[in-house]
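Here is a short briefing on one protein model. Keep the structure open while you read.

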Amino acid sequence: MNARLALLGTVEPGIAESEVFRLALQHLVGELGALGAMVHLCGPGSVLRLVSATGLPLFLTRPLEIIDPEGAMAPARALRHAKDVWMALEASEQADSLGRIPWPGTGMAAAPLPSGGRAVGAVTVVMGSQGEPTAEQWDFLRAVTTWTGERMGRSASPVSPSRGESSGGPVQRAWKEVRVGSWDWNLGTGELAWDEAVMALYGIDPADFVPRIESWMEVVHPDDLPMTLAAAEKAIRDGTVYEAEYRARRRDGTYGWTQARGKAAYDDLGNPVRLVGMAWDSNESRSTREALSRALRHMSDGFASVDADWRITYANLEAERELGFPEEELLGRVLWDLPNVQKMPGVVEARFREAAAAGKPVGFEIQAPDTGNWFHVRVVPGPDGVTFYAAEITEKRRQDAERAAAERAASERAARIAELTAALAKATTSRDVVDAVARRVLPPFGAAGLVVQVIEGERLYNVGVVGYPDDLVDRMNGQRRTGPDPSWDAIQTGMPLFISSVEEYVARYPELAGRPRQTGKQAWAFLPLTASGHTFGVCVVGCDRPRSFEDEERTLLTAISALVAQALERARLYDAEHTRSQELQRSLLPLELPDLSACTVAARYLPAGQGMDVGGDWYDVIPLSGGQVALVVGDVMGHGLPQAATMGRLRTAVHTLADLELPPDEIMSHLNDIVAGMGEGAYATCLYALYDSTTQLCTVARAGHPPPAVLRPDGTVHLPKAGPDPPLGAAVPPFETVDLVMPEGSLLVLYTDGLVESATREMDAGMAELERLLRSSRASTSGGSGTLERLCDTLVAGLLPAEQQTADDAALLVARVHALADDQMASWPLPENPQAAGQARKHVREQLSVWGLDDLAATTELLVSELVGNVVRHAKGPVRLRLLHGEELVCEVSDGSLTMPRIRRALETDEGGRGLQLIAALSQRWGTRYTMNGKCIWTEQALPGPDDRDALPSEALEMLFPDAGGFDADPDALSLDEDRPEPGTRQ
């Protein structure tokens with residue numbers, strides 16, 4: 001039951017009452033398992049009139065069409081007492097009048113029908129042998145009647161009739177002149193008041209008039225009375241205007257047409273009390289309508305009308321012929337049941353119902369399946385149904401088709417040329433120009449081949465070729481003129497050359513008699529390409545069959561060649577500029593990615609779609625000290641050479657700042673100052689990620705850039721939330737940093753917005769798709785750089801399909817991070833006294849022995865002695881030594897001072913200042929960086945190969961200090977003396 005009530009609840013208010021009653025009764029019968037159901041509403045004189053029924057035969061509903069509200073029938077008792085009523089039919093005194101129901105337990109369950117705060121009728125269910133409804137079924141019956149009353153749409157504000165003027169007023173006098181009278185019907189007593197005009201209209205002597213409704217019913221034609229009473233009942237029930245036209249008996253016994261119009265008046269409780277209105281003679285207008293009907297009857301187009309149930313109510317002679325039956329057999333039949341209509345395509349019924357539902361006229365054309373004739377059908381909905389007419393248009397369609405074909409043939413070439421002009425205006429590259437000519441010039445001329453060539457030096461080079469074998473295309477390219485040739489002739493003369501057949505070609509150029517067979521073409525148009533007064537190429541249109549080019553065609557092809565030449569000249573300039581721009585952009589991006597122990601990387605740069613200028617997207621991988629690496633992506637807003645140049649400046653700046661080993665947030669602050677100094681309107685986004693393989697920590701700083709994506713080894717994907725983040729040039733430092741823990745083998749994916757955002761996809765949707773692709777590619781995220789290359793291809797194909805033109809360039813950088821194992825790192829605290837150097841050398845000797853790097857021991861001890869001696873003499877603690885064994889040997893000495901050493905050239909008379917020169921000579925790289933608690937000085941040494949031997953420290957010292965008189969091989973005797981503190985440096 002709940003499901004049915006829920007289904008009824010979805011019905012919007014305002015539908016037709018007939019539809020409301022139909023739905024209510026069908027659901028009642030279905031849920032209660034009843035034989036049938038009925039709806040009665042109060043009519044004129046308070047009688048109950050049957051307005052809707054379902055499932056019941058005529059022998060049962062006919063006696064119930066009108067019910068005395070004071071009677072004993074179940075609907076009357078339910079309305080009178082405003083409560084549910086059960087009446088067993090076999091025991092009822094009304095059983096004889098209804099006819100015997102053969103099943104025991106049969107009866108009527110009636111419930112009052114509420115609307116507008118009062119009962120306006122009753123809903124009755126005829127139950128079968130199951131007897132009286134259960135309590136649950138009674139609840140369902142009451143719920144359905146409540147729903148029915150709510151959707152009946154009765155008027156909530158009854159309108160009282162307005163008072164007219166006195167009988168002596170000018171309005172009443174005018175009414176008398178035109179035989180318009182007034183009447184007043186008391187609905188409670190049945191009393192009917194007529195004025196003199198109405199009595200004269202109906203031909204009744206005032207002395208003989210009985211003021212009862214029956215007096216009016218006696219003069220109305222019997223055939224028109226039911227319809228007229230029904231209109232009155234509907235007006236009273238709905239609070240609408242009563243309007244009817246019917247035949248009334250005149251004094252001479254004949255019938256004349258009368259029209260009446262009125263409105264009901266209601267008491268304070270909303271009950272109808274009176275129906276008042278006017279009546280007048282409508283014979284003349286009726287005669288006019290009948291004349292119109294006769295004309296309609298014999299019109300050449302089929303015309304018919306149907307009621308709300310699609311039953312035919314009128315059909316003229318032509319409609320009878322088209323529908324296949326005479327009018328007397330058509331009337332009352334459902335339109336869709338007619339054989340001729342059923343043969344029509346389903347679209348016919350669909351368009352009819354569409355017009356009825358929308359309340360708007362619909363016109364369409366349809367072909368009769370039997371005869372093949374065409375008809376134009378127009379469907380016009382009205383208040384009581386639908387009217388439609390069908391006009392045969394077979395001959396008109398034939399004439400229209402012939403005329404259209406002629407017009408198409410005459411205008412097709414002009415349209416093609418208009419399309420060609422538009423396409424050439426949009427063409428950007430030379431390839432675009434060739435494609436536009438192939439699509440829009442070859443078809444209208446019946447051509448199958450196209451060759452576009454330009455002069456470079458003394459040769460003709462292909463710009464584009466369509467419809468020729470590849471081997472022939474290769475032979476065409478770069479041909480030099482060695483004799484008579486139609487292409488060169490057209491270029492030299494600047495005049496088009498037309499050849500209509502192979503025979504003509506051979507006659508003109510006997511030396512080239514074999515060329516037509518090679519090309520497979522039999523007619524040609526050689527069109528010189530001239531722009532700015534210079535002929536720079538030729539366009540050759542070839543046909544598979546011989547054809548003579550008419551004068552009009554030759555003129556048209558000549559005009560086309562001028563358009564093609566202008567477009568091709570522009571395209572060649574663009575091609576050259578675009579090539580230079582792309583070369584500049586490629587030169588500003590990394591030529592190759594470094595091979596690092598901290599991470600394995602792969603990258604992609606995807607330029608914007610064809611026709612777009614170069615952009616400012618970039619990426620970079622910067623190796624740093626101590627097992628660290630910087631991963632960077634950026635995007636300069638806009639397109640063009642200025643943006644590409646700005647990208648190059650920013651990339652250089654990032655390299656410089658990264659080499660100083662500044663923290664990511666400080667680097668972003670410096671970049672922000674650089675972009676802000678470029679002038680108003682210069683903006684860029686950037687993401688700087690610093691990964692430390694010794695701690696497996698990645699520190700990320702962003703400025704207006706999409707967040708990175710992290711794919712962990714367990715398959716989970718993490719995208720940090722992207723908060724408000726202005727771009728460089730508009731940001732206000734300090735920049736926020738985020739620390740990401742990166743387990744061994746994790747993937748860090750950096751990208752620009754062009755990869756995930758487009759005109760058809762928001763950035764959030766693109767990032768969600770990126771996350772999905774990463775998660776689905778989990779199985780392929782282990783392995784070497786080749787696996788990362790395949791992952792890049794997968795991401796690009798999924799986010800930027802090849803067939804999708806993009807308006808923005810995109811950069812993608814994928815890095816698989818690696819951690820430095822614990823046994824590859826060693827760290828020791830050192831005292832803040834001269835003994836620190838000795839302890840450092842001892843730790844170095846022992847650890848290098850463990851690592852099998854004894855060959856580096858002497859050099860490393862000397863480096864450590866210099867670094868530690870410098871710290872003990874010029875800095876402050878705490879002091880710490882760290883060794884890293886990766887692809888190089890890294891030696892780091894950190895202290896608590898922010899003072900950075902600076903290398904300088906020592907004079908022969910200086911006693912110190914040579915320590916950093918010694919470090920630079922003995923190490924592969926060295927440098928300094930700030931730490932959380934001070935600074936760190938580091939060196940890198942290349943690991944020895946199988947045949948390498950460590951150089952003696954004394955030899956290196958003598959090379960650096962030739963006048964020092966030799967050095968003790970014990971590095972304990974060494975000391976480091978620096979001149980003065982300077983900002984950090986790296987060599």
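Lys521 sits over the face of Tyr468, 4.3 Å from the ring centre. Arg333 does likewise with Phe325, at 4.6 Å from the ring centre. Both placements come from a predicted model.

**Aromatic pairs and cluster**

- The whole structure holds 13 aromatic pairs.
- One of them joins Trp183 and Tyr242 edge-to-face, with 6.1 Å between centres and 80° between planes.
- Trp183 belongs to strand S7 (residues 180-186) and Tyr242 to strand S9 (residues 242-249), so this pair ties together parts 59 residues apart in sequence.
- Trp183 and Tyr242 are both buried.
- Trp216 and Tyr246 also form an edge-to-face pair, at 5.7 Å centre to centre and 90° between the planes.
- Here the link runs from helix H9 (residues 213-219), which holds Trp216, to strand S9, which holds Tyr246; the two residues are 30 apart.
- Trp216 counts as buried because its relative accessible area is 9%, under the 20% limit.
- Tyr246 is buried too, at 1% relative accessibility.
- Trp310, Trp336, Phe352, Phe364 and Phe388 make up one aromatic cluster.

**Nonpolar cores**

- The largest nonpolar core contains 53 residues.
- Leu631, Met668, Leu671, Tyr688 and Leu813 have the most contacts inside this core.
- Strand S26 (residues 684-692) contributes the most to the core, with seven residues.
- A second, separate core has 35 residues, including Leu420, Ala438, Val454 and Ala571.
- What does Leu813 touch, leaving aside its neighbours within four places in sequence? Its partners include Val601, Ala602 and Ala603. Also among them are Tyr619, Asp620 and Val621, then Leu631, Val632 and Val633. Leu748, Val749 and Leu750 are in contact with Leu813 as well.

**A buried alanine**

- Ala264 lies in strand S10 (residues 255-266).
- Is Ala264 buried or exposed? Ala264 is buried, because its relative accessibility is 2%, and the cut-off for buried is under 20%.
- Gly277 comes 13 residues away from Ala264 in sequence, and their C-alpha atoms are 8.7 Å apart in space.

**Overall make-up**

- The protein has 31 helices and 37 strands.
- Of its 987 residues, 47% are buried.
- Take the contacts between residues at least 6 apart in sequence: 60% of them join residues at least 24 apart.
- The accessible surface is about 47,800 Å², and carbon and sulfur atoms account for 52% of that surface.

**Confidence**

- The average pLDDT of the protein is 82, and 87% of the residues score at least 70.
- Residues 154-177 have a pLDDT below 50; beyond near neighbours in sequence, this stretch makes 25 contacts in the model.
- Residues 963-987 also stay under 50, and the model gives them 64 contacts beyond four places in sequence.
- Where pLDDT is low, predicted coordinates should not be read in detail.

Definitions and conventions: Residues are numbered from 1 along each chain as its sequence is written. This is a predicted model: local features need pLDDT of at least 70, side-chain atom pairs count only at pLDDT 80 or more; totals for chains, interfaces and linings use all residues. Side-chain values use heavy atoms; hydrogens and water are left out. Helices (H or I, at least four residues) and strands (E, at least two) are DSSP runs, numbered from the N terminus. Buried means under 20% relative accessible area, exposed over 50%, partly exposed in between (1.4 Å probe, protein chains only). Contact means heavy atoms within 4.5 Å. Accessible areas come from the Shrake-Rupley method with a 1.4 Å probe; for residues, only the protein chains shown count as cover. A nonpolar core is a set of buried Ala, Val, Leu, Ile, Met, Phe, Trp, Tyr and Cys residues joined through side-chain atoms within 4.5 Å. pLDDT is the predictor's confidence in each residue, from 0 to 100. Rings of Phe, Tyr and Trp (its six-membered ring) pair if their centres lie within 6.5 Å; planes under 30 degrees apart count as stacked, over 60 as edge-to-face and the rest as tilted. A charge sits over a ring if NZ of Lys or CZ of Arg is within 6 Å of the ring centre and within 35 degrees of the ring normal.
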